Amino acid sequence: DILLEDGPAAVQSVDAGVVTPALERVVEANTLLSGLGFENGGLCVAHSVHNGLTSQPICADYTHGEKVAFGLITQLVLEGQPALEVEQVL
């Protein structure tokens with residue numbers, strides 16, 4: 001919920017070059033979720049897609065996060081998650 005609720009304000013904070021409570025909450029949530037996802041293998045597909053994209057020269061300019069985000073969308077579709085959830089991530 002934090003990422004969806006505070007995400008837009010956090011992006012605006014980054015664009016403005018200021019640290020706000022929304023940005024701090026998003027950074028903290030992202031750090032926590034990254035660790036939890038790593039520890040329980042919950043992002044296996046997302047990171048596998050990242051690894052595959054990394055091997056392609058055309059994807060060299062994309063960041064780790066962009067490739068994992070694409071992989072997360074792939075994972076949600078493969079898991080058969082509701083379209084509303086996929087749309088929220090998009």
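The legends describe a predicted model, in which local features need pLDDT of at least 70 and side-chain atom pairs count only at pLDDT 80 or more, whereas totals for chains, interfaces and linings use all residues. Residues are numbered from 1 along each chain as its sequence is written, and side-chain values use heavy atoms, with hydrogens and water left out.

**Figure 1. Overview of the chain.** The secondary structure consists of 5 helices and 0 strands, where helices (H or I, at least four residues) and strands (E, at least two) are DSSP runs numbered from the N terminus. Along its principal axes, the C-alpha trace spans about 35 × 30 × 25 Å. Of the 90 residues, 21% count as buried; buried means under 20% relative accessible area, exposed over 50%, and partly exposed in between (1.4 Å probe, protein chains only). The average pLDDT, the predictor's confidence in each residue from 0 to 100, is 89 for the chain, and 91% of the residues score at least 70. Among the elements, H1 has the highest mean pLDDT (94) and H2 the lowest (82).

**Figure 2. The salt bridge between Asp6 and Arg25.** The side chains of these two residues meet at 2.6 Å, N to O; a salt bridge is a side-chain nitrogen of Lys or Arg within 4 Å of a carboxyl oxygen of Asp or Glu. Asp6 lies in helix H1 (residues 2-16) and Arg25 in helix H2 (residues 21-40), so the pair ties together parts that are 19 residues apart in sequence. Asp6 counts as buried at 13% relative accessibility, whereas Arg25, at 39%, counts as partly exposed. By this rule, the count of salt bridges comes to 1.

**Figure 3. The buried face of helix H3.** Helix H3 (residues 44-54) has Ala46, Val49 and His50 as its buried residues. Seen down the axis of H3, these residues fall within an arc of 105°, so they line one face of the helix; the arc is that of the directions from the helix axis to the C-beta atoms. The buried residues of H3 pack against H4.

Figure 4. Gly71 lies in helix H4 and is buried, with a relative accessible area of 0%. Leaving aside its neighbours within four places in sequence, Gly71 is in contact (heavy atoms within 4.5 Å) with Val45, Ala46 and Val49. Thr74 also lies in helix H4, but counts as partly exposed at 24% relative accessibility. The C-alpha atoms of Thr74 and Ile58, which are 16 residues apart along the chain, are separated by 19 Å.

**Figure 5. Lys67, a buried residue without a salt bridge.** Lys67 has its place in helix H4 (residues 64-78). Although Lys67 is buried, it has no salt bridge, and the nearest side chain of opposite charge, Glu66, is 7.6 Å away. Leaving aside neighbours within four places in sequence, Lys67 is in contact with Ala46, His50, Leu53, Thr54, Cys59 and Tyr62.

Definitions and conventions
Lys and Arg count as positive and Asp and Glu as negative; His and the chain ends are not counted.
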